[in-house]
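Subject: Structure handover

Hi,

Here is the structure I promised to pass on. Please open it alongside this note; what I found follows below.

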Amino acid sequence: MHRFDYYTPATVAEAVDLLRSKGAGGKILAGGTDLMPAMKERGRHPKYIVSLKNITELRGISFDPQSGLKVKAGTKMSALQRDPNVMRHYPVIVQGAKLIGSLQTQNLATIGGNICNAAPSADAVPALIALDATGTVHGPSGSRTVPLSQIITGPGQTSLAADEILTEVQVAAPLPRSAANYVRHVPRKELDIAIAGVGVHVQLDEALQRFTHARICLCAVAPVPLRATGAEAALVGQPATAETIEKAAQAAAADARPISDQRGSADFRRLLVHTLTARMLTASVDAIRAGR
Amino acid sequence: MAKQSFTLQVNGGTYQVFAEPNKCLHDAIRDDIGFTGTKEGCGTGDCGACTIWLDGAPVTSCLVLVGEAEGAQITTIEGLATDGVLHPLQQAFVEHHGMQCGYCIPGMLMSAAALLRDNPTANEDEIRHGIAGNLCRCTGYTKIVDAIKSVAQA
């Protein structure tokens, strides 16, 4: 690793101040599970590092049945997947958090880091976007809250300014008669990166016959975690049948914008999106009808 | 960038490390403090050889800067045995011949010990998942899993 200056501010305001005053070439260090390998092997050489480790206001999870879930950005993947409220009300978030790296990785990696690292294959992100999560960003002139889908703009790219920090992720209270699921395809059982992944979040009407709400977010098939809006439109208002699901799965495959690389071809990725979308929609409808 | 002083709590002791901030935790533990049981493998968080505990949670110490570990209780392989008596998992690895070259074993044991601490009756699937972040190129894992199972069932 090259040399760098190292700062450990105690508050978000101090961290923002540091980023503003030290200027370009800095990097925020959260869990470090991607930044550290990047600094060691991928030519990333920040002039200075602002570590978030001493900022206690960046850790914690709270849930309220009315206002929903608030996860501080420094919350670790392991803490997220063990939180009773997340497990009970947002199991899809647990599904994603459990897929990130090894158990050792999950004890370091943070939710804010997974978002701001902006990997198209980030496993914690599709569930959050499917749940219409928002993120609060702090900068020199205050804070703003934006849809998570607007934070990630490309591989490794976010809409955050260099002196802004993602501090919290919010998810609304669960909709009645709704379910959400995330799955990815990897050729190995453990420690792999998604070839393609699909997060779905659907709601049925009171008779449990029609889709009244649908969000689908695709993983690793576009430069960003991608809302499959064509597939969503194919669901809302339609009967919750195998035919509808098949049409939505086809639309999701059409929504995908995959590339071919060493992990899989674009065609294979589209096929995966089709299959995984159908599976996740079916599982979600079944779960709603079973009252789970 | 000048050297700075970092205070680390390792295996119950307090140590001052005078280092540049780009030093990784495993180097501080090995070279500055002298607990050489922790091994560096890949250096990029893939192999798990350098697994230690930060406040009881297994992490790959190659992905942790020395400064990031300040304030945490660090436990290394040297901290598993109590008063010279091997941890039951260490004894089981001896009895089941759970190592060949042995390089991965300190990290493997730190993962296994955390697993059984949190889930004392872990079954084989849970054991294999629990050590999935620790690569072994010699054993094929059979003896390692046997050793952990023998303690899980006890």
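**Where the chains meet**

In the contact between the two chains, 24 residues of chain A touch 20 residues of chain B. Bear in mind that this is a predicted model.

Which elements of chain A give two or more residues to the side that touches chain B? They are β1 (5-7), α2 (35-41) and α6 (103-106). The largest share comes from α2(A), with four residues. As for residue class, this side of chain A has eight nonpolar, 10 polar and six charged residues.

**A helix pair in chain A**

Next, go to the pair α10 (residues 242-255) and α11 (residues 266-289) of chain A. Is the crossing of α10(A) and α11(A) left-handed or right-handed? It is right-handed.

The residues that make this contact are:

- from α10(A): Ile245(A), Glu246(A), Ala248(A), Ala249(A), Gln250(A), Ala252(A) and Ala253(A)
- from α11(A): Arg270(A), Val273(A), His274(A), Thr277(A), Ala278(A), Leu281(A) and Thr282(A)

Sorted by class, the contact of α10(A) with α11(A) has eight nonpolar, four polar and two charged residues. Glu246(A) of α10(A) and Arg270(A) of α11(A) are among the residues in this contact.

**Two domains in chain B**

Now chain B. It is divided into domain 1 (4-79) and domain 2 (88-152). Their centres, taken over C-alpha atoms, are separated by 21 Å. How many residues of each domain are in contact with the other? In domain 1 of chain B there are 12, and in domain 2 of chain B there are 11.

Which element gives the most to the domain 1 side of that contact? It is β3(B), with three residues. By class, the domain 1 side has seven nonpolar, four polar and one charged residues.

Covering residues 51-54, β3(B) pairs with β4(B), residues 57-60. The pairing is antiparallel and runs over four bridges. Thr51(B) stands opposite Thr60(B) of β4(B). Two residues lie between the strands of this hairpin. Asp55(B) takes a positive phi there, near 50°.

Best wishes

How values were computed
Residues numbered from 1 in each chain as written. Chains lettered and ligands numbered in written order. Predicted model: local features only at pLDDT ≥ 70, side-chain atom pairs only at ≥ 80, totals over all residues. Left-handed = near helix turned anticlockwise from the far one by under 90°. Contact = placed C-beta atoms within 7 Å. Nonpolar A, V, L, I, M, F, W, Y, C, P; charged D, E, K, R; others polar. Pairing = 2+ DSSP bridges. Domains from an automatic or database assignment.
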